[in-house]
Amino acid sequence: MKKFDVVTLGELLIDFTDNGKSAQGNTMFEANPGGAPCNVLAMLNRFGHPTAFIGKVGKDIFGLKLKSVLEEVGIDTSNLIVDEDARTTLAFVQTFEDGDRDFSFYRNPGADMLLTADEVNEELVKSAKLFHFGTLSMTHEGVREATKKAIRLAKEAGAVVSFDPNLRPPLWKSLDDAKEQVAYGLTQCDVLKISDNEIQWFTGEEDFDKGIEKLRQEYDIPLILLSMGRDGSRAYYKDLRVELPSFIQKETIETTGAGDTFGGCCLHYVLEYGLDGLNEERLKEMLTFANAAASIITTRKGALRVMPQVEEVKRFIESRK
């Protein structure tokens, strides 16, 4: 028996999201706990999955707050290191009228970059049914080695490995370096969650199906999940290609965390049925639920603390029938 259903490694940070103007006309930002790996875990916790996070924050007001938030939502923090000499990474998120976003990161260095391979708790990684990672923990050499060590341990222990590139170009020395690390992630994963712009960037194909086909020819990935924002999502599994529309809402205020919410829901179905137990009906159910949960999170500031409850998502789906 494995102690944890899902363990992730990566960034834990504060997303400062645009929150209107002050009386003096200055932009106000709201400090939302964030970071893709823990957003994913927070959604999985809503399903009742035991989860744990591996990472590093600074011993500052932001890092201590983040640790308490993870504990509040039920994520194990035994391998969350609080570094007395580092500062917690900050991301300022500007949302445009069309819902698109621009990021400004304060991370040179940020505490999440300073995690080392020696600080990864080997037993914790081995105790996971599924290990999930992205590329923000692969932008710099030290944390890259920590990530690769955790992946190796997870695979040796028989865990399913899940990967979300979550490309943030400003954090890379070059996009060639980013492409090299994404390619590494593709060689390691059993489940890939990738966005529409990422598949186009990585494969050079404008057509998503052609891009996915390129990936499938080069990498042995059993389940590929493609998120397309307002255009919905697709799942590619064996000879199946399942596509479901999104749930558009007038109440949408920002899309931060929507992809992570979607990904967390999909990983629940992987845990529920196993990689060998999926079929067209289950994939449709998975994408419907994941699209609905992602739609709900776009009506809220941040993601980590405000993930929708499972029953809430089910009611929302029913209301749209």
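**Close-up views of a predicted model**

**View 1. Helices H4 and H5 meet through their side-by-side residues listed here.** Arg 144, Lys 148, Ile 151 and Lys 155 of H4 are in contact with Asp 177, Gln 181, Tyr 184 and Gln 188 of H5 (contact: heavy atoms within 4.5 Å). By class, this contact has two nonpolar, two polar and four charged residues (nonpolar: Ala, Val, Leu, Ile, Met, Phe, Trp, Tyr, Cys and Pro; charged: Asp, Glu, Lys and Arg; polar: the others, Gly among them). H4 spans residues 141-156 and H5 residues 175-188; they pack at about 10°, axes 11 Å apart. The two helices are therefore roughly parallel (angles under 35 degrees). Axes are lines fitted to C-alpha atoms, for helices over the stretch in contact; angles run from 0 to 180 degrees between N-to-C directions.**View 2. Nine strands form an open sheet.** The order is S5-S4-S1-S8-S9-S10-S11-S12-S13, with mixed pairing. Strands (E, at least two residues) and helices (H or I, at least four) are DSSP runs, numbered from the N terminus. Pairing takes at least two DSSP bridges. S5 (75-83) and S13 (240-244) are the edge strands, each pairing on one side only. Neighbouring strands are turned by 15° on average, direction ignored.

**View 2. Strand S4 runs parallel to S5.** Seven bridges join S4 (residues 51-58) to S5. Ile 54 has Asn 79 as its bridge partner in S5.

**View 3. Helices H1 and H7 lie across strands.** H7 (residues 208-218) lies across S10 (191-195), S11 (223-227), S12 (233-237) and S13, at about 30° to S12.

The model is predicted: local features need pLDDT of at least 70, side-chain atom pairs count only at pLDDT 80 or more, and totals for chains, interfaces and linings use all residues. Residues are numbered from 1 along each chain as its sequence is written, and side-chain values use heavy atoms, leaving out hydrogens and water.

Definitions and conventions. Angles under 35 degrees count as roughly parallel, over 145 as roughly antiparallel, 65 to 115 as roughly perpendicular and the rest as oblique.
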